[in-house]
Amino acid sequence: MALRVEHDIFVVRQRGREVAMAVGLEHQDQVRLATALSEVARDLLHAVGGADVIFAVDLDAQGPPQVRVDLAPVSPLPDGRYEPHSGAVARLVDMLGVVDREGDTVVRMSRRVPATAQALTPERLAELRAELASSAPGSALDELASQNEQLIAALDEVRSQRDELAVLNEELQETNRGVMALYNQLTEELEETNRGVVALYAELDEKSAQLRTASESKSRFLANVSHELRAPVTAIIGLSRLLADSASDPLTEEQAQQVGLIRSSATDLLSLVNELLDLAKAESGRLEPNWAEVDLRAVFGQLRGTLRALSTRPKVELVVEDPPPPGTVRSDEVLLAQVLRNLLHNGLKFTERGEVRMRAEVRDERWHLSVTDTGAGIAPELHERIFEEFYQVPGSTRIGGTGLGLPYARRVVRLLGGTLELTSEPGRGSTFTVTLPIGGG
Ligand code: ADP
């Protein structure tokens with residue numbers, strides 16, 4: 001087609017649309033191609049006085065076919081370049097630009113034919129060419145009418161898009177209201193949960209108060225019972241001693257043995273009662289340390305003397321080292337001696353051979369009083385358990401005892417402002433360490 005006068009723009013546009021329709025572009029794309037073509041045609045007519053227009057279809061073995069329009073300008077383009085007056089024009093087609101065609105500069109635009117279109121064989125193309133050639137180009141008026149129709153269709157489309165947008169907007173608002181409702185509901189539930197947690201805490205407080213009272217009652221009960229038991233048990237011991245006394249009537253051998261059993265059972269009972277009483281006192285907070293400057297050398301010396309009598313095993317040596325200077329600590333002498341005696345006693349009880357050693361040293365302004373033995377040791381998972389009331393390591397019960405010594409000792413040491421800790425390697429022995437501030441608790 002030749003593009004030479006204003007009227008040709010309409011014809012080129014119309015032909016463009018017909019070609020686009022013939023090769024199978026969708027309606028929207030037909031209008032797009034035709035619009036782009038009429039814009040470029042107008043530009044070229046005004047800039048260089050016209051062009052020769054060729055419609056072609058490129059059959060590409062790899063990709064989809066392309067419908068292509070080449071506009072060869074009648075005189076050279078300024079600077080050999082072409083730029084549509086509006087950037088939007090380029091977006092109407094897949095490609096728009098200047099190309100070199102066998103030495104001539106042409107403006108080319110192209111658009112992919114959709115895969116859904118009827119296959120474009122060379123025979124089909126020949127058919128289309130014949131059809132297009134036989135149809136006479138319409139008048140400018142015809143093209144104007146069809147352009148009008150297209151405009152109305154476009155307007156319709158815009159309106160339906162606007163309606164769709166309104167619907168979407170409505171849906172969005174709906175969703176928004178839903179989200180708000182959900183948010184409110186969640187907030188309410190959260191508040192509800194919060195109130196539940198608060199109530200739970202109140203209950204917890206109440207329960208722990210109840211527990212505290214129960215524990216106090218238990219201590220009081222223990223103290224009362226052991227106190228009440230002490231007098232009769234002491235009497236039993238005294239009476240059995242009297243019975244066995246050489247000044248009393250002689251007993252048969254069997255009787256003497258039975259009285260001996262009564263006495264040793266009563267003695268065991270008395271030590272249990274005493275330990276219970278001590279523990280109950282310490283638990284109830286009624287144990288008041290008698291603070292004074294304690295001479296550790298004296299305490300150690302006394303323990304060395306009294307415990308030697310207890311170490312009956314020939315293969316176990318009891319070693320009590322002299323504490324280094326200053327040798328004093330602010331504490332309660334009786335309670336401290338009771339704790340150390342307890343630890344030494346345990347050491348002697350649970351050691352078959354080797355030694356039980358007590359030593360003192362000052363580190364970081366604190367006394368570290370340790371009792372180390374070469375006994376069976378204690379498994380790591382039991383290091384805390386042995387400080388629980390009545391707990392005894394399984395197997396060690398045959399040695400006797402009550403399981404009250406260590407919990408009592410720990411309470412007393414805390415009362416004195418210190419700590420009682422254990423380090424032990426099973427099979428190698430244990431070390432119990434009392435740590436006390438030099439200046440008292
Ligand atoms: P008791 O000695 O009257 O049984 P304790 O409270 O003093 O009660 O000790 C609790 C348990 O800890 C003991 O029964 C024993 O199993 C273990 N134990 C304490 N001291 C030692 C030690 N020096 N070596 C090994 N085990 C020990």
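The legends below describe close-up views of a predicted model. Local features need pLDDT of at least 70 and side-chain atom pairs count only at pLDDT 80 or more, while totals for chains, interfaces and linings use all residues. Residues are numbered from 1 along each chain as its sequence is written, and side-chain values use heavy atoms, with hydrogens and water left out.

**View 1. The crossing of helices H1 and H4.** The axes of H1 (residues 6–23) and H4 (residues 122–134) come within 11 Å and cross at roughly 145°; axes are lines fitted to C-alpha atoms over the stretch in contact, with angles running from 0 to 180 degrees between N-to-C directions. Helices (H or I, at least four residues) and strands (E, at least two) are DSSP runs, numbered from the N terminus. H1 contributes Arg 15, Glu 18, Val 19, Ala 22 and Val 23 to the contact, and H4 contributes Arg 124, Leu 128 and Leu 132; contact means heavy atoms within 4.5 Å. Five of these residues are nonpolar, none polar and three charged. Ala, Val, Leu, Ile, Met, Phe, Trp, Tyr, Cys and Pro count as nonpolar, Asp, Glu, Lys and Arg as charged, and the others, Gly among them, as polar.

View 2. Met 109 counts as buried because its relative accessibility is 0%; buried means under 20% relative accessible area, exposed over 50%, and partly exposed in between (1.4 Å probe, protein chains only). Leaving aside neighbours within four places in sequence, the contacts of Met 109 include Leu 33, Leu 37, Val 67, Val 93 and Met 95.

**View 3. Salt bridges of Arg 111.** A salt bridge is a side-chain nitrogen of Lys or Arg within 4 Å of a carboxyl oxygen of Asp or Glu. Arg 111 pairs with Asp 29 in this way, the closest N and O atoms being 3.1 Å apart. This pair joins strand E5 to helix H2 (residues 27–48) across 82 residues. Arg 111 also forms a salt bridge with Asp 94, with closest N and O atoms 3.2 Å apart. Asp 94 lies in the loop between helix H3 (87–90) and strand E4 (95–101), 17 residues from Arg 111. Arg 111 is buried at 16% relative accessible area, whereas Asp 94 is partly exposed at 34%. Asp 29, Arg 32, Asp 94, Arg 111 and Arg 112 are linked in a network of salt bridges.

**View 4. The salt bridge of Glu 389 with Lys 218**. The closest N and O atoms are 3.5 Å apart. Glu 389 is in the loop between strand E10 (366–373) and helix H9 (405–415), and Lys 218 is in helix H5 (residues 140–244), 171 residues apart. Glu 389 is partly exposed at 29% relative accessibility, as is Lys 218 at 36%.
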